[in-house]
Amino acid sequence: MSSTSTLDIAPFLAKTSKLWKTCGIRGLFSLQNIPGMISLVAGLPNPTTFPFESITVKLRPTLQGLPAAADGADPLTLTLEGAQLSEAMQYGMTAGAARFIEWLEGFQTHVHKRAPNDSWSVTVGSGSQDLMYKACQSLIDEGDFVLLEAPTYAGVLAFFAALPCTLIEVNTDSQGLDPASLQSILSSWETTHAGKPYPKFMYTTPSGSNPTGTSIPEARKVEVLKLAKKYNFLVLEDDAYAFLYYGPERERARSYFALEPEVNGEQGRVVRFDSFSKVLSSGMRLGFMTAHPRLAAVVNIITSNTNLQPNSLAQIMAHALLARWGPTGFLTHCREVAALYRTRRDAFECVAKKYLTGLAEWTSPIAGMFLYIKLLVHADGRPTDSAALVPRAVARGVLAVPGTAFMPLGGPTPFVRISFSVVEEKDAEEACRRLRDVILEARAEAEAEAAVHAQMRK
């Protein structure tokens, strides 16, 4: 690792990032930790006024065989009280609770084999999407270009629409983002976008992609990272479904964050986003960003001036659980969660094959909770915009997301996204039966219309 260099990220930061000013109050928080310091700074509510004496959470009886809590407490309960509860109920540090960040840094080192150094730091957010928006806001200047795989997560498309940038679609296939498409875009840039700056970053969801369900193999990640260095752009790695991998372990790809020192001999080009929403609780709204400290500092300044900090209670509760589990225990829990989604994938695909064979196509996912289904309205394979079928589907009592919602530049697509995460087998079967009826009805109408046109041409 000593032979790697740290990327100078300053040229990537937006001009507007310099306009944010450190909060006059929160900017002094770190000084309170100086030994002997008497702080008269923060307007902290007196904790004696909080109506909570203790909070006890009962855990599900999973992860059998792990050691009990060090204090001898019931292994199926977590109790927050005393100083720990006061911390959970009180304002905290902008980047996140110190004990939580320390655990997350150790976890990233454990999982991605990246020793702590000055090329990365961890920042906690109110879900990873909160951090993604702030990171993009910190990077994008008027007139910038941004690369996104197509289709891509609809949530980022909503905020990109409000940012002053132009989106460039990178094609995907059954193995996720296609490096050949990326190479084609960048190698012809000076011809297709003469006089325009090269893209500043690329956004990608590499594992169990939302919406496609695809996972990019490691060999492709290597190609992408080499292109990122050659054409000097950042990689924003939104890996919300990384913990929901249920494919063969020998085929599991390392993260972009893990690979960048080895592939490019540098650090700091990958901005990684992780989420606890899929494996602990979506309502806790906890995510974390692992990024160059300079970028993290801008994101933290934005937070200090907007929502002040991530939720203290959620952080301390999560830390109490994760500290008891340790990285190994947490990953064991994730494997159990992933196994559930593999079972649900199998059950949904079973009924989908029963009702939709010949009427739809999809790639079986190895991570995540989505199928991206191509509707075959025309028997000869000609595409039909899935959005046109949504009213028919709604009328028959089945709802899926039309693929156009995930296309950076909009436009028609024959795909729909379905989630198998919570649907029970009986409902899945009925949904697929109804979807079959929708496709058959549309196919019959298309064939009748084609027959009329053929007759008119005679």
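**A strand seen from both sides**

Modeller: Buried means under 20% relative accessible area, with over 50% called exposed and the range in between partly exposed (1.4 Å probe, protein chains only). Please keep in mind that this is a predicted model, where local features need pLDDT of at least 70 and side-chain atom pairs count only at pLDDT 80 or more, while totals for chains, interfaces and linings use all residues. Residues are numbered from 1 along each chain as its sequence is written, and side-chain values use heavy atoms, leaving out hydrogens and water.

In a regular strand, side chains alternate between the two faces of the sheet. Because 6 of the 6 residues of S11 (270-275) are buried, this strand is largely enclosed by the rest of the structure. Strands (E, at least two residues) and helices (H or I, at least four) are DSSP runs, numbered from the N terminus.

Now for the partners of S11. Strand S9 (residues 234-238) runs parallel to S11 and is joined to it by 4 bridges; two strands pair if DSSP finds at least two bridges between them. Val 235 is the residue opposite Val 270. Strand S12 (residues 287-291) is also joined to S11 by 4 bridges, but these two run antiparallel. There, Asp 274 has Phe 288 as its bridge partner.

For context, let's look at another sheet. This one is open, with 4 strands in the order S13-S14-S16-S15 and antiparallel pairing. Its edge strands, S13 (360-361) and S15 (401-402), each pair on one side only. S15 is linked to S16 (residues 415-419) by 2 bridges, again antiparallel, and Val 401 has Arg 417 as its bridge partner in S16.

Finally, a helix residue. Ile 101 belongs to helix H2 and is buried, with a relative accessible area of 12%. Neighbours within four places in sequence aside, Ile 101 is in contact with Ala 95, Gly 96, Val 122 and Val 124, where contact means heavy atoms within 4.5 Å. Arg 252 is 151 residues away from Ile 101 in sequence, and their C-alpha atoms are 26 Å apart.
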